[in-house]
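Visitor: I would like to learn how to read a few features of a structure. Please show me.

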Amino acid sequence: MDQFAGGTSAVSPAGDGDRIFADRFVDQTQEERGFARRVLERFSYGTRPEDISHFLSLGASSAERLANWAAQQLAWQSIADSACQARIDAAGYQTLDKSITQLWADHVRGSQTGWPERYFPVAETDAARIIRAVYSRRQLYEMLVEFWHDHFNVAGWEFSIAPVFVQHDRDAIRPNALGNFREMLEAVAKTTAMLYYLDNRANRSGGYNENWARELMELHTLGVEVYFPGAFHGAIPLGDDGLAIGYSDADVYDVARCFTGWTVRNGHWQFPQTPEYDTGEFFYHSSWHEGGSKFVVGRWLMPAGQQEAHEVMDILCQHRATARHICRKLCRRFIDDEPPESLVESAAEIWREQWQAPDQIAQVMAHIINSDAVLQGQGSKVRRPFELMTSCMRKTGAEIQPHHYQGWQPYGEMFSRFQQSGHGGFRWPAPDGYPDTATRWTSASVLGQTWRLLSRLPELRMPNDGPFLLSVQELTLQGLPNEEQHTATNLVDWWLERLIGASVLPQRRLELINFLRQNAPADQPLNLTTNPPYGNWSAGNMSAHYTPVRLRAMVSMIMMLPEFHRR
Amino acid sequence: MKRRTFLKSCCAAAAAGSLPGMAWVNPLLAGTGSGQDVLVYLYLRGGIDGLHLVVPYAGPERVAYESRRGNMLIPEDRLRPISAHWALHPRAGGGPGDPVTSTPRWLQRLWLESRLAIVQGAGMPTDLSRSHFDAQAWMDLGTPGNKNTSQGWLTRYLQQAGSLPPATLSNAFGFASTQPLALMGANQAFTVSNAQEFRVDGFHWSWQETNPDLPGHQGAHHRIQNLWQSGSGPLEQAGRLAAEALAEMRNMNFADYQPEGGAQYPDSGLGTQMRNLAQLIKGDSGVVVATLDYGGWDTHEGQGIPNPGNPNHFDFYGNLVQGLSEAVDAFYTDLSQSTQGNLMNRVSIVMLSEFGRNVTGNQSNGTDHGYGNVMLALGGRVNGGFHGQFPGLDKGSLFENQDLETTVDYRQVLAEALVRRLGLPAAGLEQVFPTLDSYSPLGVFQD
């Protein structure tokens with residue numbers, strides 16, 4: 001199962017060498033590089049040679065390097081990331097720094113409410129997340145941001161959510177992605193996007209809306225595994241912490257009652273008709289709050305107004321089921337679709353013990369990264385389309401500055417093809433977020449549409465014969481500077497190492513070489529430098545026919561290999 | 001659920017036409033006649049103003065209509081009557097330059113042939129939402145009041161369906177850019193916004209398609225199947241299915257398809273999708289359910305009043321009606337006049353929308369979100385005519401004094417299609433529509 005054991009494609013093209021033999025006798029450096037790559041592929045958006053060098057510089061053994069790398073990545077605020085930020089600044093996005101009141105004033109109430117201006121906040125967040133995935137040095141942090149966006153999913157492009165989406169991303173998810181879950185939960189509960197998406201803005205005394213309360217327990221905290229449909233209050237057994245081990249519809253209703261009055265200053269007709277009640281911000285509207293005591297997972301909550309919801313979140317965040325539910329999802333994201341249950345349990349212990357720690361999530365991630373599962377290379381994950389696209393960009397030295405709504409070439413086409421993969425940014429309609437198991441991402445429809453995107457990526461270029469987004473030609477000439485090096489075999493092996501860095505099945509490698517060489521011998525140099533970026537028509541000699549194009553097509557094909565689809 | 005095996009059906013195609021792919025070129029060689037019924041779920045996104053499509057023409061409802069309709073009123077002489085009391089919007093039966101007395105075309109022709117059913121008062125009587133997002137989600141998921149259901153109603157049907165015919169690609173096609181909610185959770189469902197675009201077509205032209213003038217030249221996309229040969233894991237197996245699917249779709253050659261019966265598909269997204277779907281049906285691809293969307297109906301402003309006989313008159317709503325009517329008519333003609341026989345005898349189209357619109361026009365010559373609406377069904381085994389009950393335009397009958405009431409649960413029409421046309425045992429409806437109290441067919445479909 002382990003695609004990354006053994007040497008690189010150049011060293012061991014068969015890829016099925018004797019593991020025991022390889023462990024003992026293969027050059028230690030290859031083994032160490034293989035481990036570094038395996039870790040980086042699993043915990044970042046794509047491994048570049050400089051990432052491996054950095055990893056290898058971090059200690060004397062694999063375990064030590066892993067621990068140091070994890071510590072660096074988890075202290076994400078200590079990683080200088082000004083180059084990535086400079087790219088975002090240079091892109092000229094207009095909405096990413098707007099406060100919620102400014103977003104509301106401009107894109108809900110003001111002069112930018114039409115198409116496409118109303119959608120700028122979500123569109124620019126989406127564009128910035130691609131820049132971050134490709135360029136940020138805080139790779140693990142960005143993966144956690146993506147994880148929490150799935151966990152606390154809102155339909156970003158929905159009419160009422162799009163104009164305020166920036167707040168959800170910037171003020172709730174990003175500050176807490178490696179921090180404290182309880183804090184993130186409360187921040188999420190108060191974003192205008194979530195208050196609209198799960199309808200809590202309309203949840204009021206005498207007019208309950210249970211949507212948020214139900215998903216809060218089913219998806220965000222306890223998990224549907226401990227849902228006891230139809231159970232009465234008191235019917236669910238108590239755990240050793242004195243809390244009921246699960247929840248029922250009765251709990252959902254009482255949690256909904258606790259959250260009554262958590263709403264948005266959206267100019268509702270029952271609010272005072274003054275401007276400060278139409279700012280788009282969260283507020284607690286006490287006259288909408290349902291009085292009386294509530295009973296939640298085995299505990300009585302006395303009437304306490306806004307405080308009741310805080311107590312509910314405290315209870316849910318220290319609950320054993322929440323720890324298991326979220327740690328299982330984290331392990332699924334980073335280890336395997338079916339993660340080892342012992343790791344889930346040990347991570348959940350830390351989650352629960354540290355539920356009030358400001359770096360709770362980082363501590364749990366440190367445990368998962370330094371686990372035996374990672375050290376021993378267990379598990380296998382299939383890249384989702386977003387990871388495929390951003391990995392291609394990272395590994396090919398892409399120069400990108402994505403924009404929605406700025407024409408077809410190149411980003412209109414890029415987004416169009418990417419969205420057809422079914423993984424467009426912030427477009428999942430249901431509150432459970434994009435799925436994280438291979439079966440969902442390996443249907444014929446998804447794979448076909450993803451390859452359609454990958455076949456295009458190396459050809460996308462800026463308008464008016466501007467630069468290509470991916471630097472295939474440049475990297476090739478840097479890596480193989482002499483023309484006599486440009487044999488089909490060399491080019492294929494160089495790009496296999498660059499993009500996959502592990503063995504691929506020999507017949508696949510041969511297929512790539514045969515396509516690239518055409519009628520030339522595999523060890524005869526190809527002409528990449530005449531008339532770039534396309535080359536020349538050559539009717540009688542296919543090996544000279546549009547050769548730089550053929551090189552880019554070959555690079556696309558590597559991106560479509562099964563070995564590239566795993567991380 | 002069972003994953004379809006493309007390889008198996010590949011062999012079937014080879015048996016039918018000597019070479020895989022040949023079967024798609026010549027319709028005479030295809031159509032081995034699985035006999036499987038097909039249900040087409042055509043969603044009119046945005047909330048179509050049903051009262052502008054099926055309009056009171058005479059009688060007490062016309063009186064009420066004239067008193068309440070305001071600036072959205074269509075005069076009698078601009079309508080195409082289809083019964084003593086009801087008429088169609090003129091663009092459902094003719095172009096902008098055609099007088100209402102011209103030979104009926106499109107939907108009006110199909111009505112005259114008793115192939116078009118009009119269900120009055122359709123919608124969600126159990127739940128109210130005037131949010132497009134919520135109402136569409138509720139309907140597509142088949143769970144009014146709950147948009148967090150993890151599977152679409154068609155997904156649950158596919159799970160209940162028992163034995164489905166072997167599929168070249170899939171039993172379920174979603175013609176959309178992202179997986180439609182009605183098929184949510186159906187891993188085997190196939191999502192394409194345009195069948196011509198389901199191909200790896202991003203390489204530069206010089207290495208994209210095989211150039212027959214160049215000896216040895218081969219399009220890059222031909223290599224994909226080879227790249228996924230070997231390897232036995234689930235990923236490799238899935239990849240081989242995808243590569244097969246891509247090859248099959250190329251073989252179908254959607255671009256060069258010749259419709260039959262003189263059918264003329266409009267040059268539009270819907271027209272292309274319906275043409276692709278007709279080809280899939282004729283090719284015995286195993287398609288059982290298909291979803292399509294036709295949007296633009298959210299006419300808050302400048303909805304438009306028809307002025308038939310005046311080719312230069314701009315009518316936003318009328319243009320949409322004609323676009324819809326032409327596309328479904330072409331689809332009907334193409335399949336019903338097929339050399340394989342009248343294939344519309346096993347194809348049913350259901351057309352619906354998330355809600356109707358306010359009875360009275362607004363200040364912007366448009367209409368705002370309302371409630372009850374019409375729902376349409378079309379097919380060779382559809383009982384043409386009116387169904388359901390018009391909820392009434394008199395003051396006492398209106399919902400919240402402004403909208404048509406809902407008298408028919410849209411799920412009853414879908415449920416009837418599943419039971420009577422797709423052969424789902426009525427007991428299976430409990431899974432497909434878990435919150436539908438009881439099954440009461442209206443008689444829209446023949447058994």
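Guide: A residue counts as buried if 20 or more other C-beta atoms, placed from the backbone, lie within 10 Å of its own, as exposed if 12 or fewer do, and as partly exposed in between. Helices (H or I, at least four residues) and strands (E, at least two) are DSSP runs numbered from the N terminus. This is a predicted model: local features need pLDDT of at least 70, side-chain atom pairs count only at pLDDT 80 or more, and totals for chains, interfaces and linings use all residues. Residues are numbered from 1 along each chain as its sequence is written, and chains are lettered from A in the order in which they are written.

Visitor: How many residues of helix 22 of chain A are buried?

Guide: 13 of the 13 are, so helix 22 of chain A is largely enclosed by the rest of the structure.

Visitor: What should the helix span?

Guide: The rule is 1.5 Å times one less than the number of residues. For helix 22 of chain A (residues 444-456) that gives 18 Å, and the end C-alpha atoms are 18 Å apart, which agrees.

Visitor: How many helices and strands are in chain B?

Guide: Chain B has 14 helices and 12 strands. Of its 447 residues, 57% count as buried.

Visitor: Which residues join chain B to chain A?

Guide: Contact means C-beta atoms, placed from the backbone, within 7 Å. Chain B gives 44 residues and chain A gives 49. Helix 10 of chain B gives the most to the chain B side, with 9 residues.

Note on methods: Contact = placed C-beta atoms within 7 Å.
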